Amino acid sequence: MSHLSSSVTSHLRAPNTAAVDAPEASVPADHVLVLKVIPLPGDANANGDIFGGWVMAQVDLAGSVLPARYAQGRMATVAVNQFIFKAPVRVGDILSFYAKMERIGRTSMTVNVGVYAERFNNQGRYIKVTEATLTYVAIDDQGKPREVPRQEI
Ligand SMILES: CC(C)(COP(=O)(O)OP(=O)(O)OC[C@H]1O[C@@H](n2cnc3c(N)ncnc32)[C@H](O)[C@@H]1OP(=O)(O)O)[C@@H](O)C(=O)NCCC(=O)NCCS
């Protein structure tokens with residue numbers, strides 16, 4: 001019994017450092033680096049990988065950086081149009097978030113975000129871990145959509 005509980009405990013706490021990994025990727029030349037962050041042990045799930053909801057929150061923040069330049073004020077996330085977890089994120093990875101404006105509408109802006117990991121023990125080698133597309137809406141003081149003031153990309 002004590003053997004079982006200690007093995008479960010160590011399994012829950014062990015970071016995933018599996019040798020088999022996703023293929024190397026190039027960071028996209030047509031995207032802009034908008035965020036870098038390092039996940040900590042407190043961001044991990046029971047597998048020892050990083051919790052998907054934590055990654056989604058970072059992507060939401062990263063995705064808002066370019067639209068903020070056009071909205072020039074309050075905005076809200078109206079939709080996550082697509083979100084793909086392509087490879088696990090691990091404790092200690094250096095994550096780089098690259099963004100590109102895809103569309104500017106009357107009140108909304110759509111952004112593509114690619115997330116690349118450098119494993120803590122393999123710096124300089126990028127692995128694409130997430131790809132997402134999100135839409136933000138410029139809002140007024142009442143929380144209603146307002147026109148995006150700056151239209152040119
Ligand atoms: C964002 C919000 C103000 C938009 O209000 P709304 O009355 O639904 O807005 P509209 O129907 O007039 O649409 C506004 C724009 O959003 C776009 N939009 C609305 N729903 C969308 C969807 N599901 N996907 C993509 N774009 C969408 C519309 O096409 C429109 O864009 P355009 O003006 O560029 O053509 C409102 O939905 C809201 O407050 N949502 C909650 C936001 C929030 O709390 N976000 C954080 C979630 S944790």
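## Basis of the model

This is a predicted model: local features need pLDDT of at least 70, side-chain atom pairs count only at pLDDT 80 or more, and totals for chains, interfaces and linings use all residues. Residues are numbered from 1 along each chain as its sequence is written.

## Overall composition

The protein chain contains two helices and five strands. Helices (H or I, at least four residues) and strands (E, at least two) are DSSP runs, numbered from the N terminus. The chain has 153 residues, of which 27% count as buried. A residue is buried if 20 or more other C-beta atoms lie within 10 Å of its own, exposed if 12 or fewer, and partly exposed in between, with C-beta atoms placed from the backbone.

Two residues are in contact if their C-beta atoms, placed from the backbone, lie within 7 Å. Among contacts in the protein chain between residues at least 6 apart in sequence, 74% join residues at least 24 apart.

## The sheet

The five strands form an open sheet in the order β1-β3-β4-β5-β2, with antiparallel pairing. Its edge strands are β1 (32-37) and β2 (75-85), each of which pairs on one side only. On average, neighbouring strands of this sheet are turned by 25 degrees against each other, direction ignored. For such angles, axes are lines fitted to C-alpha atoms, for helices over the stretch in contact, and angles run from 0 to 180 degrees between N-to-C directions.

Two strands pair if DSSP finds at least two bridges between them. Strand β1 is joined by five bridges to strand β3 (residues 94-104), and these two run antiparallel. Here V37 has L95 in β3 as its bridge partner. Strand β4 (residues 108-118) pairs with β5 over eleven bridges in the antiparallel sense; N112, for example, has T133 in β5 as its bridge partner. Nine bridges join β2 to β5, which also run antiparallel, and the bridge partner of A76 in β5 is V137.

## The nonpolar core

A nonpolar core is a set of buried Ala, Val, Leu, Ile, Met, Phe, Trp, Tyr and Cys residues joined through C-beta atoms within 7 Å. The largest such core has 27 residues, and those with the most contacts inside it are V59, F97, A99, V113 and V115. The elements giving two or more residues to this core are α2, β3, β4 and β5. With seven residues, β5 gives the most to this core.

F97 lies in strand β3. It counts as buried because it has 23 C-beta neighbours inside 10 Å. Leaving aside neighbours within four places in sequence, F97 is in contact with V34, L35, Q58, V59, A62, V113 and V115. The C-alpha atoms of F97 and G63 are separated by 8.5 Å, although these residues are 34 residues apart along the chain. With the same exclusion of sequence neighbours, the contacts of V113 are V59, A62, G63, F97, A99, A132 and L134.

## A buried tyrosine and an exposed glutamine

Y116 is found in strand β4. Is Y116 buried or exposed? Y116 counts as buried because it has 23 C-beta neighbours inside 10 Å. Not counting residues up to four places away in sequence, Y116 touches A25, V27, S96, Y98, Y126, I127, K128 and V129. Y116 and T130 are 14 residues apart in sequence and 7.2 Å apart in space, C-alpha to C-alpha.

Q72 is placed in the loop between α2 (52-71) and β2. Although Q72 is not a glycine, it has a positive phi of about 50 degrees. Q72 is exposed, because 11 other C-beta atoms lie within 10 Å.

## Around the ligand

A residue is near a molecule or strand if its C-beta atom, placed from the backbone, lies within 6 Å of it. There are 13 residues around the ligand, and A79, G105, R106, T107 and S108 come nearest. Strands β2 and β5 (126-138) each supply at least two residues of this shell. The largest share, four residues, comes from β2.

The shell divides into six nonpolar, six polar and one charged residue. In this division, Ala, Val, Leu, Ile, Met, Phe, Trp, Tyr, Cys and Pro count as nonpolar, Asp, Glu, Lys and Arg as charged, and the others, Gly among them, as polar.
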